[in-house]
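Subject: Structure for your review

Dear colleague,

Please find the structure below, followed by an account of what was found in it.

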Amino acid sequence: MSEFTPLVRVAAIAALALSGVVAAFATMAPGIPAPPAEAALVEPVTLRPAESLLPAPASFQREERFQRGDTLAGMLGRLGISDSEARRLMRTPALRLLRPGHTVAGEVNAEGELLRLSYLAGRGTLTTVERFGEAFRTMEGAAPLRAEVVMRSGTIRSSLFAAADASGVPDSVAVQIADIFAGDVDFHRELREGDRFAVVYEQYFLNGRPVHAGRVLAAEFVNQGRRFRALHYALAQGGGGYYAPDGSNLRKAFLRSPLEYSRISSGFGMRRHPFQRTWRAHSGIDFAAPTGTRVRAAGDGVVEFAGPKPGYGNMVTVRHRGQYSTVYAHLSRFAPGVQRGARVAQGDAVGFVGQTGWATGPHLHYEFRIAGQSRNPYAIAMPAGEPVPPAEVAAYRRHAEPLLARLELLAANPIALLE
Ligand SMILES: [Zn+2]
């Protein structure tokens, strides 16, 4: 994932002609106030006499990212913390919870002693370790996060993730886009060069720095000329999800592909020859995929069988409502908890791609059965989830209107982003 580009660098439309960057960008929130640094310089400062006798506190503020393969000692050293201080700090339980990806802000004095250190632990939780005399005190509290609504768009050249990178869209948002349209688009096999997305999502900031993306509020995906649009909507009666502009539900009873679309698996579909649908030959569909790719339950259901079977290798069968069942074979292993009688929701992992049984290479053998008969799922119209109920249609339209306007704006006037 490329570094997030600061919000303030929004370029003029004129840059479009000069730049090949296929990113569009704007914020719905009002502009960010200019940093007040210069104003602070001319502000009169009144010091009480006792304070004015003290030397100015010499401390340094630094930010460091805890990286994969990093050691706690190494990261504390980069923050400017002395070795002896680091040894004491390493006994602080809160610092043992640091994981790769965490960004740690530290304030350290000239002697290499820690004054204060903080990092965003879970979503929205700020952990602070502060000097308290000769000891350290740990505090946890709600992080003062600020949310902004961000709009971006991109064009597919190789994979959705590559396009997301090019337009500064975080992975978590790319994954949401793939999930939102998973009932209509098989992102492994149906993605084409020239497909486009536009997305409106929440981005959270801590002290002016982007920390994580939130929910996708609206998205558009154009796949092989077919245009899909989705708007998030919470129903007044409870529940909700993603709906098309006409109020129909984006969620289908079955996913278009049982393979999870991830950064790791996203490349193969474009590099390889489009995988042949050999359904006629052996009553199933083969999906070529790297070993270990997550295999998802195509719909809600109950595990009917999970174990080895001759020819099929490690196999899972899920029974769904009505007469439907799905079969996943040649798995390298099963997902935790997947055994006969276990409930699975659509999208839950049932196992991982492998080549157990009669398989010449790693792939998923997938069968879609109706009343025990294997059928081609692409030839069957799939039932969708419940639409917006009639009582809420008017409220939904009011909610949808400004979001649709943003998507239109993105589609019509992609604004280039200056790096
Ligand atoms: Zn097969």
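The charged end of K309 is placed over the ring of F305, 5.4 Å from the ring centre. A charge counts as sitting over a ring if NZ of Lys or CZ of Arg is within 6 Å of the ring centre and within 35 degrees of the ring normal. R333 likewise lies over the face of F352, at 4.0 Å from the centre of that ring.

Please note that this is a predicted model, in which local features need pLDDT of at least 70, side-chain atom pairs count only at pLDDT 80 or more, and totals for chains, interfaces and linings use all residues. Residues are numbered from 1 along each chain as its sequence is written, and side-chain values use heavy atoms, with hydrogens and water left out.

Aromatic pairs

The structure holds twelve aromatic pairs. Rings of Phe, Tyr and Trp (its six-membered ring) pair if their centres lie within 6.5 Å; planes under 30 degrees apart count as stacked, over 60 as edge-to-face and the rest as tilted. F187 and F221 form an edge-to-face pair, at 5.0 Å centre to centre and 65° between the planes. F187 lies in the loop between helix 6 and strand 8 (196-206), and F221 in strand 9 (residues 209-223), so the pair ties together parts that are 34 residues apart in sequence. Helices (H or I, at least four residues) and strands (E, at least two) are DSSP runs, numbered from the N terminus. Both F187 and F221 are buried, where buried means under 20% relative accessible area, exposed over 50% and partly exposed in between (1.4 Å probe, protein chains only).

The ring centres of Y324 and F368 are 5.6 Å apart with the planes at 40°, so this pair is tilted. Y324 belongs to strand 16 (residues 324-334) and F368 to strand 19 (residues 363-370), so the pair ties together parts that are 44 residues apart in sequence. F368 is buried, with a relative accessible area of 1%.

The nonpolar core

F187 and F221 also belong to one aromatic cluster with F161, F181, F228 and Y261. Which residues have the most contacts inside the largest nonpolar core? They are L160, F181, F187, F197, V199 and F221, in a core of 29 residues. A nonpolar core is a set of buried Ala, Val, Leu, Ile, Met, Phe, Trp, Tyr and Cys residues joined through side-chain atoms within 4.5 Å. Helix 6 supplies the largest share of this core, five residues.

Yours sincerely
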